[in-house]
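Please examine the sequence and the three-dimensional model shown here before reading on. The paragraphs after them lead through the fold step by step.

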Amino acid sequence: MFDHNKSGRGKCKVTKLDFSKGQLRLGYRNGMESYGYACIDGAAKFLPEILEEVTDFHLESIAGWSELSESEQSLIQEKLSPVVQD
């Protein structure tokens, strides 16, 4: 799911950099009832391995996509375009 960091706490699980309040991030299941979060640059590092197993994937299918601004959607498409082939 795409969302924005509400508290300004936490770190990207990939880059280990602190999130800033309001920063765009990608949440993913990290167990039965918890989520891990990655910044968009971090997500571009782990998505290729996951997407090798998925045959029909579209960014628009990720929860929260429709709530993002056009500029945020463009940023994500730019950062993940080498990874995601729409």
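Predicted model: local features only at pLDDT ≥ 70, side-chain atom pairs only at ≥ 80, totals over all residues.

Residues are numbered from 1 along each chain as its sequence is written, and side-chain values use heavy atoms, with hydrogens and water left out. The pLDDT is the predictor's confidence in each residue, from 0 to 100. The protein averages 87, and 93% of the residues score at least 70. Confidence is highest in S1, at a mean of 94, and lowest in H1, at 85. Such labels denote DSSP runs numbered from the N terminus: helices (H or I) have at least four residues and strands (E) at least two.

Strands of a sheet pair through backbone hydrogen bonds, either parallel or antiparallel. Here, 3 strands form an open sheet in the order S1-S2-S3, with antiparallel pairing; two strands are taken to pair if DSSP finds at least two bridges between them. Strand S1 (2-4) and strand S3 (35-38) each have a single partner strand and stand at the edges, so one side of each is left without a neighbour in the sheet. On average, neighbouring strands are turned by 40 degrees against each other, direction ignored. Axes are lines fitted to C-alpha atoms, for helices over the stretch in contact, and angles run from 0 to 180 degrees between N-to-C directions.

S2 and S3 form a hairpin with 5 residues between them, and glycine 31 in the turn has a positive phi of about 125 degrees. Helix H1 (residues 40-51) lies across S1, S2 and S3 and runs at about 40 degrees to S2, where contact means heavy atoms within 4.5 Å.

Arginine 25 also takes part in side-chain arrangements. Its charged end sits over the ring of tyrosine 37, 3.6 Å from the centre, and over the ring of phenylalanine 19, 5.8 Å from the centre. The criterion is that NZ of Lys or CZ of Arg is within 6 Å of the ring centre and within 35 degrees of the ring normal.

The structure also holds 2 aromatic pairs. One of them joins phenylalanine 2 and tryptophan 65, tilted, at 5.8 Å centre to centre and with 55 degrees between the planes. Phenylalanine 2 lies in strand S1 and tryptophan 65 in the loop between H1 and helix H2 (70-80), so the pair ties together parts that are 63 residues apart in sequence. Rings of Phe, Tyr and Trp (its six-membered ring) pair if their centres lie within 6.5 Å; planes under 30 degrees apart count as stacked, over 60 as edge-to-face and the rest as tilted.

Are these two aromatic residues, phenylalanine 2 and tryptophan 65, buried or exposed? Phenylalanine 2 counts as buried because its relative accessibility is 5%, and tryptophan 65 counts as buried at 6%. Buried means under 20% relative accessible area, exposed over 50%, and partly exposed in between (1.4 Å probe, protein chains only). Serine 66 is in the loop between H1 and H2, and at 60% it counts as exposed. Lysine 16 lies in the loop between S1 and S2 and is exposed, with a relative accessible area of 53%.
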